[in-house]
Structures are given as C-alpha cells and as structure tokens.
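Got a model up on the screen and wondering where the labels come from? Let's go through a few of them, one at a time.

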Amino acid sequence: MINTSSKISIERVSKYFGRGSDQVRALAGVELNVQPNEFITLVGASGCGKSTLLRILGGLETIDDGAVRVDGQAIDGPGVDRAMVFQHYSLYPWLTVRQNIQFSRRLKTNRRDLTSSAVEVASGRADALLRLMGLTHVADAFPNQLSGGMQQRVAIARALQGRPSILLMDEPFGALDAQTREVMHDLILHVHGLEKSTVVFVTHDVEEAIYLGHRVVLMAPRPGRIDTIYDVPLPAVRNPEMKLAPEFNALKREILARIRETSGMKTDLEMLEQLTRTVA
Ligand SMILES: Nc1ncnc2c1ncn2[C@@H]1O[C@H](COP(=O)(O)OP(=O)(O)O)[C@@H](O)[C@H]1O
Ligand SMILES: [Mg+2]
C-alpha cells in the first residue's frame with residue numbers, strides 16, 4: 001500500500017541471493033511504512049533478513065521485486081539523506097576524532113571547492129556534534145586510543161554530520177558491554193529528539209528494541225519476512241525506570257516467545273525435552 005505521508009514506504013519487497021537450489025529468499029513480500037521522526041526497531045532470529053532490509057534502505061543492495069520509497073521517491077543507491085552506522089565502527093585510524101567526523105564534508109570540499117564560510121559551517125556542526133556526543137575532550141585523539149563505546153560515539157557523530165533525515169543502524173551497540181550500552185541508549189534517544197530524524201535500528205536484543213522503539217518489527221526467517229509489528233506501550237520520552245514496568249516485561253516475554261516460535265528454536269527445545277524424558 002502506498003502511504004503518501006510515510007517517510008519510508010516498503011512495498012511487497014522481495015530479495016533473493018544465489019541461484020537454483022542454493023537460492024535464499026532473504027526477503028519475501030515485506031511491507032512496512034515508517035512515519036517521519038519515528039524510531040523503528042527490527043528484531044528477529046539470525047538470518048531473517050534484518051541486515052538485508054537495512055542495506056536496501058541504505059541503497060547498498062538492490063531489490064528483486066516491489067518498491068522502496070523515501071519521501072515518495074524510489075531509492076536509487078546511497079544518498080546523503082540516509083546515514084548508516086554498523087556494529088564495527090569503521091573509523092579511519094589515521095584521522096583524529098574531529099577529522100573522522102568531518103570526513104564526509106572533506107570529500108565534498110575536494111569535489112566542489114566549498115567556500116570558506118561553508119567550511120566554517122561544517123566545522124561548527126562538527127564541534128556541536130563533539131559536544132552532543134561528549135567527545136570534546138578527545139577531539140584530537142585517534143580512534144585506537146578510545147574505548148569501544150567512545151569509538152561508536154564518533155561513528156554516530158560522523159553519521160549525523162551531513163544532517164541525514166534517516167539514520168540506519170545495524171546492531172550498533174552489539175559489541176559494547178552492558179553498562180556502556182545503557183548509556184548509549186539514552187544518548188541515542190536524546191540525539192533522536194534533537195535531530196528529528198527517522199531511525200531504523202536493527203538489534204538482536206529485545207530489551208533494547210522495546211526501550212528505543214516506538215514500534216518493534218519482528219521478522220522471521222526462511223523466507224525472511226515481517227511476522228508481527230508491536231506498538232510499544234511506553235510514554236514517548238523514555239527513562240531507564242521503564243524497563244521495570246510490568247507492561248515492558250510483558251511485551252519482552254511476548255516478543256521473546258514469538259522469536260523462539262518463528263526461529264524453530266522452540267521445536268529444538270521440545271525435542272531436547274523429549275530426549276531427556278526418554279533417557280530418564
Ligand atoms: N551477500 C549475500 N549472499 C548470499 N546470501 C546472503 C547475502 N547476504 C545475506 N544472505 C542471506 O540472506 C539471509 C538474510 O541475511 P541477513 O539479512 O544478514 O539476516 P540477519 O541480519 O537478520 O541475520 C540469510 O540467509 C543470509 O545467509
Ligand atoms: Mg544482521
């Protein structure tokens with residue numbers, strides 16, 4: 001269904017990898033509308049097509065059927081309106097933190113001879129992002145001098161430098177320890193509130209998906225598809241206390257159970273139980 005007010009509209013999208021008997025249906029008939037300024041989280045068993053869908057939105061992967069539109073326009077490759085952040089920070093090790101954040105601007109400067117005032121605007125933005133992400137004191141450090149959490153802050157700041165209207169994040173906090181991850185959650189919510197961007201965020205952590213998302217989209221594998229879309233019954237402005245709310249935990253249990261059902265893990269567990277019973 002085409003929804004003209006949507007920021008992102010994904011219409012019956014299918015994607016195949018490989019040919020013949022090796023062919024994988026990575027996505028089959030995926031339908032999703034994302035509203036402007038919405039924060040959508042994608043969860044689901046490994047291999048259900050989360051990364052593939054995100055890469056399609058980023059213009060890094062083509063589709064075999066259906067349509068994907070941003071602001072009503074079909075996606076045609078990567079664009080400055082969409083920035084991606086991956087689990088591995090992919091910073092340039094030979095550039096300082098500040099230079100990493102300014103890097104996308106530098107490319108443009110080389111190409112188009114920006115005026116000095118435009119360069120000034122860009123460095124003003126970089127300074128604002130350094131402050132926002134709590135990186136000012138490490139602006140002149142190199143990535144390998146920073147912790148994983150700090151490196152990921154740099155990667156997020158770099159993604160924000162070009163003022164993208166859509167932020168695409170693929171398990172961005174997956175490599176961080178639990179405490180750092182919690183800090184990053186509140187930071188990314190703060191950033192989302194300030195920047196008014198639309199976020200599509202992939203995670204395998206259901207608690208993270210609920211805490212961050214306005215809606216949680218649960219995908220299922222073989223073939224990759226959307227199984228269920230959950231509205232998160234929490235106030236728009238989140239705080240860590242909410243993780244203790246009964247409705248938070250009820251939703252977490254429901255989603256975890258559904259992931260188990262759709263991934264085939266439940267049947268594995270049942271088989272294991274049967275086996276144990278037979279042996280006993
Ligand atoms: N470049 C590729 N070539 C072949 N198969 C791929 C490729 N990328 C993904 N796949 C397959 O597509 C399916 C979905 O993968 P992916 O999107 O990475 O899932 P997820 O991120 O949910 O774990 C998996 O079966 C995966 O093996
Ligand atoms: Mg993935």
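Q: What makes Arg-222 stand out in the hairpin of E9 and E10?
A: This is a predicted model, and in it Arg-222 takes a positive phi near 50°. The hairpin has four residues between its two strands.

Q: How do you know that E9 and E10 pair, and in which sense do they run?
A: Pairing takes at least two bridges between the strands. E9 and strand E10 (residues 225-231) are joined by six bridges, so they qualify, and they run antiparallel. Arg-215, for one, stands opposite Asp-231 in E10.

Q: What makes strand E3 (residues 39-44) a partner of E9, and is the sense parallel or antiparallel?
A: Here there are five bridges, and the cut-off is at least two, so this counts as a pair too. The sense is parallel. Leu-42 has Val-217 in E9 as its bridge partner.

Q: Why is helix H1 (residues 50-57) said to be largely enclosed by the rest of the structure?
A: Seven of its eight residues are buried, so the helix is largely enclosed. The buried ones are Lys-50, Ser-51, Thr-52, Leu-53, Leu-54, Ile-56 and Leu-57. Just after H1, Gly-59 takes a positive phi of about 80°.

Q: Which element gives the largest share of the shell around ligand 1?
A: That's H1, with three residues. In total, 13 residues surround ligand 1, and the closest are Phe-17, Ala-26, Lys-50, Ser-51 and Thr-52. Strand E2 (24-34) also gives two or more residues to the shell. By class, the shell has four nonpolar, eight polar and one charged residues.

Q: How do you know that the length of helix H5 (residues 178-195) agrees with what its residues should span?
A: At 1.5 Å a residue, its 18 residues should span 26 Å, and the end C-alpha atoms are 25 Å apart, so the two agree. Lys-196 follows H5 with a positive phi, near 55°.

How values were computed:
Residues are numbered from 1 along each chain as its sequence is written. Chains are lettered from A and ligands numbered from 1 in the order in which they are written. This is a predicted model: local features need pLDDT of at least 70, side-chain atom pairs count only at pLDDT 80 or more; totals for chains, interfaces and linings use all residues. A residue is buried if 20 or more other C-beta atoms lie within 10 Å of its own, exposed if 12 or fewer, and partly exposed in between; C-beta atoms are placed from the backbone. The expected span of a helix is 1.5 Å times one less than its number of residues. A residue is near a molecule or strand if its C-beta atom, placed from the backbone, lies within 6 Å of it. Ala, Val, Leu, Ile, Met, Phe, Trp, Tyr, Cys and Pro count as nonpolar, Asp, Glu, Lys and Arg as charged, and the others, Gly among them, as polar.
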